[in-house]
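Hello,

Here is the structure for your files. Please open it alongside the notes below.

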Amino acid sequence: MLEDVLSACEAVGPTILATEGAQGEAIEAALRDTEGAPILVVNADLPCARPRDLLTLLGALPAGGLALAPAADGTTNALALAAPHLFAPLYGPGSAERFLARAARLEAPAAVAEIPNLADDVDTLADLERLEGRLGPRTAAALNELRTGLPQ
């Protein structure tokens, strides 16, 4: 799954894999050394993500603000940020609303981008199976390997 997400990200621009600590803290650490904008923050559990989806999220980014791609459960799957200071480690249940509230507190414009391939995250094998026709090639191969027990 991660390889498909990285592939989509790398097609759009320079990519940093944030791995130091928990999700929010890892992203904060990665953003400390980030120069330039805009910035995309994309979760690793989005096996349907394609470069065009990330470009759509960037296109939704208001000047000086943030755009987010929410999951159906109210969490946040991806963010577009005009600047690193717009990020805070707000992940978890209800995080989409918390990111929007943070933008309002900072008087930064915010947009919600409903992008199906960024809305569908994977937490279970059933999620993978539900998304089967839209999975990236590496994730599709991994799912097939899980089913057959044989490397593809």
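Strands S1 (residues 39–42) and S3 pair in the antiparallel sense, over four bridges. Pairing here requires that DSSP finds at least two bridges between two strands. Strands are DSSP runs of E with at least two residues, helices are runs of H or I with at least four, and both are numbered from the N terminus. Val41 has Leu79 as its bridge partner in S3.

This is a predicted model: local features need pLDDT of at least 70, side-chain atom pairs count only at pLDDT 80 or more, and totals for chains, interfaces and linings use all residues. Residues are numbered from 1 along each chain as its sequence is written, and side-chain values use heavy atoms, with hydrogens and water left out.

S3 also runs antiparallel to strand S2 (residues 66–70), joined by five bridges. Leu66 is partnered with Leu81 of S3. S2 and S3 form a hairpin with five residues between them. In the turn, Gly74 has a positive phi of about 90°.

How many residues of S3 (residues 76–81) are buried? Six of its six are. Buried means under 20% relative accessible area with a 1.4 Å probe, protein chains only.

Now the helices. H1 (residues 2–12) packs on H3 (residues 51–59) at an angle of about 55°, with the axes 8 Å apart. The axes are lines fitted to C-alpha atoms over the stretch in contact, and angles run from 0 to 180 degrees between N-to-C directions. H1 contributes Ala8, Cys9, Ala11 and Val12 to the contact, and H3 contributes Pro51, Leu54, Leu55 and Leu58. Contact means heavy atoms within 4.5 Å.

Best wishes

Note on methods. Buried < 20%, exposed > 50% of the residue type's maximum accessible area, 1.4 Å probe, protein only.
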